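Work through the exercises below with the sequence and the 3D structure at hand. Each task is followed by a solution in steps.

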Amino acid sequence: MTEPRVHRDPAFALLSLYETALPEVYGYLLSRCGDRTLAEELTSETFLGAVRACRKEFAPPVSTGWLIGVARHKLADHWRRKEREERGLRLVHEEEYTDPWDERLDALLAREVLASLGAHHRAALTLRYVDGLPVPEVADHLERTVHATEALLVRARAAFRRAYQEKEGRDA
């Protein structure tokens, strides 16, 4: 009777490196995120991801440098996830917030003020509030990132409000 062959788990290569790589990976993450708890979570995710990667058919050679690369990806994933969550919260907050000032606008005066703004402000405000497009679609039309478009809209609303109040004061 032949004994069954036992295949060594390729992830065992990490065990020999774990003691020396752990402080390097943790230090790399902590220096970039500045949060101990987050650095610990991402370090854990890094080693779990490394175990999964080691078990794949064409696994890369295991080294501290490679683990730092895995950590870099985990940190970037974290930042992207966080930005998506914050963007979603901003959009929800923006939709829930109603400014009573908006109800008092004189339509003719508003059109006149809008026409007096710079093209970038006029385009952003028109697409968002006249056409009613969501911010991501406004960003697509303006060929900007969503974040840059949100910032542009904040500046455009402020410019519109200043110009409207100024014109309203002169006409009174």
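**Exercise 1.** List the buried residues of helix α2 and state how they are arranged around the axis.

Step 1. L38, A39, L42, T43, T46, F47, G49, A50, A53 and C54 are the buried residues of α2, where buried means under 20% relative accessible area, exposed over 50% and partly exposed in between (1.4 Å probe, protein chains only). Helices are DSSP runs (H or I, at least four residues), numbered from the N terminus.

Step 2. Looking down the axis of α2, these buried residues fall within an arc of 165°, so they line one face of the helix. The arc is taken from the directions that run from the helix axis to the C-beta atoms.

The model is predicted: local features need pLDDT of at least 70 and side-chain atom pairs count only at pLDDT 80 or more, while totals for chains, interfaces and linings use all residues. Residues are numbered from 1 along each chain as its sequence is written, and side-chain values use heavy atoms, with hydrogens and water left out.

**Exercise 2.** Compare the span of α2 with the expected one, then inspect the start of the helix.

Step 1. Helix α2 covers residues 36-54, which is 19 residues. The expected span is 1.5 Å times one less than the number of residues.

Step 2. From first C-alpha to last, α2 reaches 27 Å, close to the expected 27 Å.

Step 3. At the start of α2, a side-chain oxygen of D35 comes to within 3.0 Å of the backbone nitrogen of T37.

**Exercise 3.** Find the salt bridges and describe where the partners lie.

Step 1. A salt bridge needs a side-chain nitrogen of Lys or Arg within 4 Å of a carboxyl oxygen of Asp or Glu. The count is two salt bridges.

Step 2. One joins R80 and D77, with the closest N and O atoms 2.5 Å apart. Both residues lie in helix α3 (residues 64-96), three residues apart, about one turn of the helix. R80 is partly exposed at 46% relative accessible area, and D77 is partly exposed at 31%.

Step 3. K167 and E112 also form a salt bridge, at 2.5 Å from N to O. This pair links distant parts of the chain, with K167 in helix α7 (residues 146-171) and E112 in helix α4 (residues 107-116), 55 residues apart. K167 is buried at 19% relative accessibility, whereas E112 is partly exposed at 41%.

**Exercise 4.** Is H121 buried or exposed?

Step 1. H121 sits in helix α5 (residues 119-130).

Step 2. Its relative accessibility is 13%, so H121 counts as buried.

Conventions. Helices (H or I, at least four residues) and strands (E, at least two) are DSSP runs, numbered from the N terminus. A polar contact is a pair of N or O atoms within 3.5 Å; within protein, one must be able to donate a hydrogen and the other to accept it, and residues adjacent in sequence count only if both atoms are side-chain atoms.
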